[in-house]
Amino acid sequence: MSQPTIDPFDPLGLEAELSDEERLVAESTRRFVRERALPEVPRHFEAGTFPVELAKELGELGLLGMHLQGYGCAGTNAVSYGLACLELEAGDSGLRSFVSVQGSLAMFPIWRYGSEEQKERWLPAMARGEAIGCFGLTEPDHGSDPSGMRTRARRDGDDWILDGAKLWITNGGIAQVAVVWAQTDDGIRGFVVPTDTPGFEARDVGHKLSLRASVTSELVLTDVRLPADAVLPDVVGLKGPLSCLNEARFGILWGAVGAARACFEAALDYAGTREQFGQPIAGFQLTQRKLVEMFLALTKAAMLAHRLGRMKDAGTLTKDLVSIGKLDNVRAALEIARTARGVLGANGITLEYPVMRHAANLESVATYEGTEEIHTLTLGRALTGLSAFT
Ligand code: TGC
Ligand code: FAD
């Protein structure tokens with residue numbers, strides 16, 4: 001048997017093109033995931049809990065709101081943020097979800113659309129992982145089409161009164177602050193809601209078979225009275241929440257590469273050592289085909305993420321291009337996870353190996369932040385100029 005002649009994980013030398021800072025972010029996040037997170041994750045996945053004690057460590061590493069400037073945030077470039085998402089999701093999608101929601105969905109709207117007081121009050125504590133945030137857009141009857149949301153904010157004197165319900169909210173039950181989107185007389189607006197406000201209740205969703213190491217909740221809002229300055233002053237309309245999704249979807253298109261890499265790594269390693277019919281299963285032509293298909297898909301997904309990352313740093317990344325990455329990288333990762341699961345045989349269905357956990361997680365990743373159908377139709381509209389949404 002000769003030695004492998006190709007780097008399975010970086011055949012095109014993408015890492016060599018990283019700056020020192022980008023490489024440092026990737027390496028330190030990878031070390032954190034291997035040493036601190038992975039020993040905990042399977043236990044939490046089994047129990048259906050999130051290792052909340054890691055929040056402050058993620059803050060110390062500078063990973064929370066890392067692509068934002070000022071207010072205690074690290075202020076890295078987009079590629080560094082992407083690399084961190086990749087390494088976190090190589091551990092578990094729940095870890096990347098936590099960081100995505102905190103940085104891109106809870107901190108970003110405060111940073112981009114908030115008042116100076118809102119920024120000073122929340123961002124430094126959130127960057128340290130001392131305050132956890134969540135993002136309430138989806139409702140029980142309004143998922144892919146949030147424009148019809150029923151949660152409503154009305155004026156009462158100077159105050160706002162918020163009523164409604166949000167569903168499938170990551171971090172909801174462990175959050176100190178929720179960014180809640182609601183209809184008002186002027187259009188959709190965002191509200192910064194401390195979760196200890198009377199009338200705010202978070203009920204965790206149980207019995208999940210995916211993203212088990214992550215908290216997903218329903219938010220029930222009953223006559224939640226908020227002061228006048230709870231509203232995000234600088235955005236009105238659906239473009240507010242949708243612009244936050246661009247940030248999070250960018251992290252997901254990188255994160256999917258991490259989950260795929262972990263699955264491919266497990267399959268390659270297993271195939272080299274598992275023997276049947278007197279030889280390693282990696283020697284069988286059918287197994288080699290599976291390994292090669294996974295390798296090709298992973299390589300292309302990584303290349304796409306790096307390219308979109310460089311475009312984001314250059315200021316040329318559009319929302320439609322983000323849809324390419326979210327749609328295709330998550331789809332590729334799911335396919336890789338399912339193929340890897342088969343290569344591991346019966347061992348593939350256990351928590352001893354990461355593959356089935358990733359495969360199960362990726363089902364949620366394919367649904368949230370815009371389903372395959374939504375990103376397909378977004379790209380269809382971009383290509384044809386015709387909208388299939390109405
Ligand atoms: P339309 O009503 O035409 O547009 C409204 C306004 O929004 C603008 N816009 C965007 N702006 C920034 N970024 C985007 N991605 C944007 N998409 C649209 C648009 O230009 C317009 O602006 P203006 O100034 O003209 O008012 O809506 P649309 O037809 O463009 O969008 C429809 C559709 C279906 C694409 C959109 O509703 C959509 O993306 N739906 C999917 C919903 C979704 O992804 N929800 C995710 C919830 S959060 C979540 O899942 C978190 S998971 C977290 C984790 O754990 O990681
Ligand atoms: P629906 O919109 O009801 O869609 C059902 C099916 O119909 C899908 O296959 C969809 O693609 C298809 N469909 C819908 N419209 C069309 C169309 N026009 N053409 C063709 N097919 C269509 N939301 C938040 O706001 N914050 C969070 O933190 C958050 N975290 C989440 C965490 C998890 C684990 C999960 C699973 C979801 C989370 N979500 C969150 C919600 C998520 O964004 C929604 O589930 C998603 O947007 C889809 O909405 P839905 O589930 O209501 O499905």
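Domain bounds are those of an automatic or database domain assignment. The structure is a predicted model, in which local features need pLDDT of at least 70 and side-chain atom pairs count only at pLDDT 80 or more, while totals for chains, interfaces and linings use all residues. Residues are numbered from 1 along each chain as its sequence is written, chains are lettered from A and ligands numbered from 1 in the order in which they are written, and side-chain values use heavy atoms, with hydrogens and water left out.

**Exercise 1.** Describe how domain 1 and domain 2 are placed and how they meet.

Solution.
- Step 1: The assignment gives domain 1 (15-127), domain 2 (133-230) and domain 3 (239-384).
- Step 2: Between the C-alpha centres of domain 1 and domain 2 the distance is 22 Å.
- Step 3: Contact (heavy atoms within 4.5 Å) involves 23 residues of domain 1 and 19 residues of domain 2.
- Step 4: Buried area is the accessible area (1.4 Å probe) that two parts lose on being put together, summed over both. For this pair of domains that area is about 1,700 Å², 70% of it on carbon and sulfur atoms.
- Step 5: On the side of domain 1, F45, V101 and W122 lose the most area to domain 2, together 27% of what that side buries.

**Exercise 2.** Determine which polar links and which helices take part in the interface of domain 1 and domain 2.

Solution.
- Step 1: A salt bridge requires a side-chain nitrogen of Lys or Arg within 4 Å of a carboxyl oxygen of Asp or Glu. Between domain 1 and domain 2 there are zero salt bridges.
- Step 2: A polar contact is a pair of N or O atoms within 3.5 Å; within protein, one must be able to donate a hydrogen and the other to accept it, and residues adjacent in sequence count only if both atoms are side-chain atoms. Six residue pairs across the interface, both residues at pLDDT 80 or more, are in polar contact.
- Step 3: Helices (H or I, at least four residues) and strands (E, at least two) are DSSP runs, numbered from the N terminus. On the side of domain 1 that touches domain 2, α2 (41-47), α5 (93-113) and α6 (116-127) each supply at least two residues.
- Step 4: The largest share of that side, ten residues, comes from α5.

**Exercise 3.** Locate the salt bridge of R36.

Solution.
- Step 1: The whole structure holds 22 salt bridges.
- Step 2: R36 is joined to E57 in one of these, with the closest N and O atoms 2.7 Å apart.
- Step 3: R36 lies in helix α1 (residues 20-37) and E57 in helix α3 (residues 54-60), so that the pair links distant parts of the chain, 21 residues apart.**Exercise 4.** State where W168 lies and what phi it has.

Solution.
- Step 1: W168 belongs to strand β3 (residues 159-170).
- Step 2: Phi of W168 is near 70°, a positive value in a residue other than glycine.
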